[in-house]
Every structure is written in structure tokens, then in C-alpha cells.
Amino acid sequence: MPSEPSQRVEDKLFYNRYLVDSGRAHIKVRPHTTPSSRLLSMLKACPARCYELNDKGHVEVTVDGCMECGTCRVICAESGDIEWSYPRGGFGVLFKFG
């Protein structure tokens with residue numbers, strides 16, 4: 001049986017800082033009536049847990065806390081479910097330890 005990790009990813013993410021560019025999200029979920037399987041996979045694949053399912057069954061993204069790792073960009077590239085661009089200079093994630 002695998003042992004429990006000594007520290008969770010969420011605990012480590014606390015050390016990162018984010019400068020939010022209000023009104024200019026670098027990730028946008030395209031409007032959908034039913035989320036695709038790729039978009040639904042983002043609920044678990046995003047290491048920062050930026051994707052959530054709302055009460056209407058639509059996937060939403062909150063870019064505050066995004067690590068800009070590109071996971072969503074790779075997973076949703078074929079389906080075109082998201083619009084992804086780099087944040088403007090000076091905004092986004094600031095890694096404390098490199």
C-alpha cells in the first residue's frame with residue numbers, strides 16, 4: 001500500500017504568488033451546452049484545481065492560482081474547448097522557489 005505523501009500539492013501551491021490581471025483572463029472556456037469529455041477531464045487534471053462544474057453542469061475556469069503549466073492547453077487543443085494565451089507581462093504566477 002502506498003504511503004501518504006508528507007505534503008500535499010495544495011500545501012506547496014500556497015507558496016506561489018499570483019498577480020491577477022482583472023478583466024483579462026488568459027484562459028476562457030468556450031460556451032457549451034454539454035461539456036466534452038476532454039473538458040470534464042480538466043476537473044481532475046488541472047494541478048491547481050482551476051476548473052469546476054457549476055450548478056448548470058457547465059465547466060468554468062477561475063484563473064486565480066493558475067500555474068500556467070499548459071495541461072489544459074494540451075488536453076483541450078483538439079477539441080477547442082478553451083481559449084488559452086499567456087498572461088500579459090508582469091501578471092500571472094510568481095514562483096517563490098524558482
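Is Asp 21 buried or exposed? Asp 21 is buried, at a relative accessible area of 13%; buried means under 20%, exposed over 50%, and partly exposed in between (1.4 Å probe, protein chains only).

This is a predicted model, in which local features need pLDDT of at least 70, side-chain atom pairs count only at pLDDT 80 or more, and totals for chains, interfaces and linings use all residues. Residues are numbered from 1 along each chain as its sequence is written, and side-chain values use heavy atoms, without hydrogens and water.

**Salt bridges**

The whole structure has three salt bridges. The term means a side-chain nitrogen of Lys or Arg within 4 Å of a carboxyl oxygen of Asp or Glu.

| Pair | Closest N to O |
|---|---|
| Arg 88 and Asp 21 | 2.7 Å |
| Glu 78 and Arg 38 | 3.6 Å |

Arg 88 sits in the loop between strand 5 (82–84) and strand 6 (92–94), and Asp 21 in the loop between strand 1 (17–19) and strand 2 (27–29), so their pairing ties together parts 67 residues apart in sequence. Strands (E, at least two residues) and helices (H or I, at least four) are DSSP runs, numbered from the N terminus. Arg 88 is partly exposed, at 39% relative accessibility. Glu 78 is exposed, at 70%, whereas Arg 38 is partly exposed, at 32%.

**Cavity lining**

The largest cavity is lined by 15 residues; nearest its centre lie Ile 27, Cys 46, Cys 66, Cys 69 and Cys 72. On a 1 Å grid over the protein atoms alone, a cavity is a set of points where a 1.4 Å probe fits but cannot get out, and lining residues have an atom within 4 Å of a point.

Conventions:
On a 1 Å grid over the protein atoms alone, a cavity is a set of points where a 1.4 Å probe fits but cannot get out, and a pocket is an open set with protein on both sides within 12 Å along at least five of seven lines; lining residues have an atom within 4 Å of a point.
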